[in-house]
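Dear colleague,

Please find the structure below, together with some notes on what was found in it.

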Amino acid sequence: MSDITIHQPSAEFVKQANVSGMAAYEALCKKAETDYEGFWAEQARELLSWKTPFTKVLDESNAPFFKWFEDGTLNASYNCLDRNIEKGLGDKTAIIFEADGGEVTKATYSQLLAKTCQYANALKSVGVKKGDRVMIYISMSIEGVAAMQACARIGATHSVVFGGFSAQSLRDRVEDTGAVAIITADQQVRGGKHLPLKAIVDEALTLGGCDSVKNVLVVNRTGGDIAMTAGRDQWMADLADKQATTCEPEWVGAEHPLFLLYTSGSTGKPKGVQHSTGGYLLHAALTTKWTFDLKDNDVFWCTADIGWVTGHTYITYGPLALGGTEIVFEGVPTYPDAGRFWKMIQDHKVSIFYTAPTAIRSLIKAAEANDAVHPKSYDLSSLRLLGSVGEPINPAAWEWYYKHVGGSRCPIVDTFWQTETGGHMITPLPGVTPMVPGSCTLPFPGIQAAVVDEAGHDMPNGQGGILVVKRPWPSMIRTIWNDPERFIKSYYPEEFKGKYYLAGDGAIRDEKTGYFTITGRIDDVLNVSGHRMGTMEIESALVSCTELVAEAAVVGRPDDTTGEAICAFVVLKRSRPTGDEAKAIAKILRDHVGKEIGPIAKPKDIRFGDNLPKTRSGKIMRRLLRSLAKNEAITQDTSTLENPAILDQLTDNH
């Protein structure tokens, strides 16, 4: 890293920061090192309000099923809403919502609490109770945040499904959770288009396995014409508007499941990541305070969807737990034009901006082609901090973001974390860390991250290895819903003797600075635009097109816009197509995958072969497919390959 420019936070930023200077950071890390439980207990008492104070901090007796603050009770919704009103923030703007067409709606903390309570009472009126699971499949909106908060308020466990997922994906999640209710909207609006939500819910519920669902509550987003099933479906407004605007919080144990969120694994079935209430909410609040340096007068904008963990932690919970003002936006960054983000920052005086490298890369292209949508054409002087999330950001995009969006004055927090970790794990702290483009730098205080070899031995700085976390932390995944054995196998494998959390990523630490750089997944999980998808999941979707596909293998390849692109190698049940016929069949298969999983899972490349490269024992040689996907020359040993001629075929037909 020595040949890369190091960017220092300004003296002015350091002076005002919530964590100010490297000495302050090192003191926090030292405190966590010498008194680990005391460090986390102090943060939990300072940042959260407890109905019953905890006396036990960490229970490691049933490792790796760790428990934090387990004898304490609290409520996440109370911590995000009531507590701020009690502090005199009732009239403060909690959410500024900008719709796809640019319409703006605001909700104060008092208004958001009232809506949350009405939704909570509506859920209770149809029989939803503490411990029940509620599926949320909704557009980005104030209503979406209120729906999540309402579940937390009554002790129901929410599971949000991204609105781009298919009916089949929704059905699978409903079946796994045993959800008793679904909160949805008639439609969502993206890029000027009205897209179905309620119709997809209806389809999902006809696919079988969803008998647990007794109620579907529908938010009116567009007034679209939708079917309503008597006895099951109700308009949310008809039910909620007649409810009281007060609802006593359900006080739950700190280990009570706040939410389930499904993430792809290397096998086909998505994993239901289970997060607790107390530990998760603590890290959501603490990382918002330290990583984003949130202040009372900030306007914070995380561009993520609430269907992803980033939207959970840095929209629904973290900023609200600190009494912040945040932006919720509906739509895409390129509609009505590629200046949408910059115009919103200008219009709403956004001071903290958090987005994905994929969005940045796509906007670079647009800005370089058209000055009208270049950040320089907008007043971005309100910005004081930038963030990056979802995947590693390449140095060139980092430098552009720093110069053209942040005016070479805003620190960039390049955050590494996962659905399973609940919040930031390795990240610059903006008032502390000299920044190196492309590096997530140093662990968050209290996080004992390390790079090890396959036997769990520490690797020296400068040598790559496997990223692990050596100690449990409060916001970590508690288990995989209904599958504790898979939880152990996925995150606490035998080769580490069940001691270390396996992140599933490779990493390397710089020889001089000790900074971490993430080098990519070590399993068969792809990261496309910050969205994780299992290769097996996509392969299963392709093969489910039974009239066409005999066999399929999926790998990733680098992509300038999405970070990683999906490349599928397909063997058909008929002769290998070429030319226009190949293009037509590829479109059919892309559309099929889009229907089975969602548009984000559509392969960018589809190549057809008479077979796949296999060993004599029948194992697909995926390392060769990865080279083919990158259009690299095959230099690996192919002596065990049964059909070497197939490599030329798969190279030539794209």
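In this predicted model, Val 543 is in contact with Val 549, Glu 551 and Ala 552, once its neighbours within four places in sequence are left aside. Val 543 is found in helix H16, which covers residues 535-543, and it counts as partly exposed because its relative accessibility is 34%, a value that falls between the cut-offs of 20% and 50%. Val 549, by contrast, lies in strand S28 (residues 549-559) and counts as buried, with 2% relative accessibility. With the neighbours within four places again set aside, the contacts of Val 549 include Leu 542, Val 543, Val 570 and Leu 589. An unreviewed UniProt entry places the feature "binding site" at Val 543 and Val 549.

Elsewhere, four strands form an open sheet in the order S21-S22-S24-S25, with antiparallel pairing. Strands S21 (449-452) and S25 (516-521) stand at the edges with a single partner strand each, so one side of each has no neighbour in the sheet. From one strand to the next, the twist averages 45 degrees. Strand S24 (residues 501-509) is joined to S25 by five bridges, and Asp 505 has Arg 521 in S25 as its bridge partner.

Turning to the helices, the axes of H2 (residues 22-34) and H3 (residues 36-47) come within 4 Å and cross at roughly 120 degrees, which makes H2 oblique to H3. Where they meet, Leu 28, Lys 31, Ala 32 and Thr 34 in H2 face Tyr 36, Phe 39 and Glu 42 in H3, and these contact residues divide into four nonpolar, one polar and two charged.

Terms used. Residues are numbered from 1 along each chain as its sequence is written. This is a predicted model: local features need pLDDT of at least 70, side-chain atom pairs count only at pLDDT 80 or more; totals for chains, interfaces and linings use all residues. Side-chain values use heavy atoms; hydrogens and water are left out. Axes are lines fitted to C-alpha atoms, for helices over the stretch in contact, and angles run from 0 to 180 degrees between N-to-C directions. Helices (H or I, at least four residues) and strands (E, at least two) are DSSP runs, numbered from the N terminus. Angles under 35 degrees count as roughly parallel, over 145 as roughly antiparallel, 65 to 115 as roughly perpendicular and the rest as oblique. Contact means heavy atoms within 4.5 Å. Ala, Val, Leu, Ile, Met, Phe, Trp, Tyr, Cys and Pro count as nonpolar, Asp, Glu, Lys and Arg as charged, and the others, Gly among them, as polar. Two strands pair if DSSP finds at least two bridges between them. UniProt positions are given in the numbering used here, feature names are shortened, and annotations may be inferred rather than shown by experiment. Buried means under 20% relative accessible area, exposed over 50%, partly exposed in between (1.4 Å probe, protein chains only).
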